[in-house]
Amino acid sequence: EVARLPNTLNIAFPGVDGEALLVALDLAGVCCSLGSACASGSTEPSPILVALGCDPAVYRSSLRLTVSVMNTIEEIDRAVELIVATVERLRA
């Protein structure tokens with residue numbers, strides 16, 4: 001069994017600048033972050049990603065996404081569509 005939050009996902013998009021992705025998704029209406037709320041405003045990599053031994057490229061291309069009981073399946077599906085399209089655009 002893995003100890004984790006079932007509603008939180010950290011995903012990396014190699015080759016994509018995390019800050020550029022964050023801004024583009026914010027403009028598209030997708031709420032996400034580059035790390036935990038307690039690290040807000042920090043330019044340091046996630047201590048969790050460091051502890052996992054992740055490559056620095058992962059730190060720079062990662063997003064943190066969280067869902068709640070207030071999110072609908074349609075909202076989640078739309079966020080996935082926007083994330084995929086935005087990542088493809090930024091990689092082009």
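In which hand, left-handed or right-handed, does α1 pass α4? In this predicted model, α1 passes α4 in a right-handed crossing.

**View 1. Crossing of helices α1 and α4.** Helix α1 covers residues 18-28, and its axis comes within 10 Å of the axis of α4, the two crossing at roughly 135°. Because angles over 145 degrees would count as roughly antiparallel and those from 65 to 115 as roughly perpendicular, α1 and α4 are described as oblique to each other. The crossing of α1 past α4 is right-handed.

**View 2. A nonpolar surface patch that includes Ile 76.**

**View 3. The salt bridge between Glu 81 and Arg 78.** The structure holds 1 salt bridge, in which Glu 81 pairs with Arg 78 and the closest N and O atoms are 3.3 Å apart. Both residues belong to helix α4, where they are 3 residues apart and therefore separated by about one helical turn. Glu 81 is partly exposed, with a relative accessible area of 49%, and Arg 78 is likewise partly exposed, with a value of 46%.

Notes. Residues are numbered from 1 along each chain as its sequence is written. This is a predicted model: local features need pLDDT of at least 70, side-chain atom pairs count only at pLDDT 80 or more; totals for chains, interfaces and linings use all residues. Side-chain values use heavy atoms; hydrogens and water are left out. Patches are made of residues with over 30% relative accessible area and no salt bridge: like charges are joined within 9 Å, nonpolar side chains (Val, Leu, Ile, Met, Phe, Trp, Tyr) within 5 Å. Accessible areas come from the Shrake-Rupley method with a 1.4 Å probe; for residues, only the protein chains shown count as cover. A salt bridge is a side-chain nitrogen of Lys or Arg within 4 Å of a carboxyl oxygen of Asp or Glu. Axes are lines fitted to C-alpha atoms, for helices over the stretch in contact, and angles run from 0 to 180 degrees between N-to-C directions. Helices (H or I, at least four residues) and strands (E, at least two) are DSSP runs, numbered from the N terminus. Angles under 35 degrees count as roughly parallel, over 145 as roughly antiparallel, 65 to 115 as roughly perpendicular and the rest as oblique. A crossing is left-handed if the near helix is turned anticlockwise from the far one by less than a right angle, and right-handed if clockwise. Buried means under 20% relative accessible area, exposed over 50%, partly exposed in between (1.4 Å probe, protein chains only).
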